[in-house]
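Trainee: I would like to go through this model and ask what stands behind each label.
Mentor: Fine. Ask about the terms one at a time.

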Amino acid sequence: MRSMIYNLGGRLQSVDFADKVASAAVVADLQHEFSSAVLASCVVCLLHTHAGHEETGIFPSVQPFEPELIRMLLDDHNEITRRVVDITKMADELGGTDVPERRIELGARVNRETNEFFAFYLAHINKEEVTIVPRMKEHFTNEEMRAMQGKMMAAMPPERLAGFLRWMLPSLTLSELTGMMAGMKHGAPPEFLKFVTGIGAANVDPTRWAAVRERVGF
């Protein structure tokens, strides 16, 4: 999630919004098509749907013994949705405008509001890491938590899962990536392992990926 935010934040800062063609990719990464969210892969879409996956794949297991914590995190998720709706509306307006001066004006507003959203989202991630993650370690084994993660990944449409993995795999440390791929080698169906390793080979630094392949043996 942080890699997505840092990357898009840098692009937002430097893009020429007056140039409709040059800024098209950045604008597209801000437009969440809620009606087709299953296939949406823009950065803001993935940030929003990640929260949804937590609500269905993690929160129900934690809620019985941490109801107040889950209520607080759900309030954050509602705020995330509200901000995503606002950003999408602004990006839609920007995408439909051809006048350079108006595009610059709208671009400055989009940049400001999106960075406010990023600040809120990063604070939310930090909050989760010091609240729900320790509670889960108290109540669940590593195997149970891996099963939750696996269930969430299995429930995603392939296109959405690929969108997450393109960001996730290059963001992991060598140790984390090795551990993840070793676990998949020993527990995932062959077709799923092939799916993930294909994304890794295409997106992870070749030297790091070669090291993972050597350590895991695939």
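This is a predicted model: local features need pLDDT of at least 70, side-chain atom pairs count only at pLDDT 80 or more; totals for chains, interfaces and linings use all residues.

Trainee: How many helices and strands does the protein chain have, and in what order do the elements run?
Mentor: The secondary structure comes to 12 helices and zero strands.

Trainee: What share of the contacts in the protein chain joins residues 24 or more positions apart?
Mentor: Such pairs account for 69% of the contacts with a separation of 6 or more.

Trainee: What is known about the surface and the charges of the protein chain?
Mentor: The chain exposes about 11,500 Å², and carbon and sulfur atoms supply 56% of it. There are 23 positive and 29 negative charges, and their mean positions are 4 Å apart.

Trainee: How many residues of the protein chain are buried?
Mentor: Buried residues make up 40% of the 218 residues.

Trainee: Why is Ile-132 called buried?
Mentor: Its relative accessible area is 4%, and buried means under 20%, so Ile-132 is buried. Ile-132 is found in helix H7, residues 132-139.

Trainee: What does Ile-132 touch beyond four places in sequence?
Mentor: Ile-132 touches Ile-58, Phe-59, Val-62, Leu-69, Ile-70, Leu-73 and Lys-127. Of these, Phe-59 is 73 residues away in sequence, with 9.0 Å from C-alpha to C-alpha.

Trainee: Is Leu-161 buried or exposed?
Mentor: Its relative accessible area is 4%, which is under 20%, so Leu-161 is buried. Leu-161 sits in helix H9, residues 158-171, and is in contact with Met-153, Met-156, Phe-192 and Phe-195, leaving aside neighbours within four places. The C-alpha atoms of Leu-161 and Val-26, 135 residues apart along the chain, are separated by 21 Å.

Trainee: What makes Ala-25 partly exposed?
Mentor: Its relative accessible area is 48%; buried means under 20% and exposed over 50%, so Ala-25 falls in between and is partly exposed. Ala-25 lies in helix H2, residues 24-28. From Ala-25 to Glu-79, 54 residues apart in sequence, the C-alpha distance is 25 Å.

Trainee: Which residues touch the most other members of the largest nonpolar core?
Mentor: Leu-169 and Met-181 do, in a core of 47 residues. Helix H6, residues 100-130, gives the most to this core, with seven residues. Apart from this core lies another, of 12 residues, among them Ile-58, Ile-70, Leu-73 and Met-136.

Trainee: What is Leu-169 in contact with, leaving aside neighbours within four places in sequence?
Mentor: The contacts of Leu-169 are Leu-177, Met-180, Val-196, Ile-199, Gly-200, Val-204 and Arg-208.

Note on methods. Residues are numbered from 1 along each chain as its sequence is written. Side-chain values use heavy atoms; hydrogens and water are left out. Helices (H or I, at least four residues) and strands (E, at least two) are DSSP runs, numbered from the N terminus. Buried means under 20% relative accessible area, exposed over 50%, partly exposed in between (1.4 Å probe, protein chains only). Contact means heavy atoms within 4.5 Å. Accessible areas come from the Shrake-Rupley method with a 1.4 Å probe; for residues, only the protein chains shown count as cover. Lys and Arg count as positive and Asp and Glu as negative; His and the chain ends are not counted. The place of a charge is taken as NZ of Lys, CZ of Arg, CG of Asp or CD of Glu. A nonpolar core is a set of buried Ala, Val, Leu, Ile, Met, Phe, Trp, Tyr and Cys residues joined through side-chain atoms within 4.5 Å.
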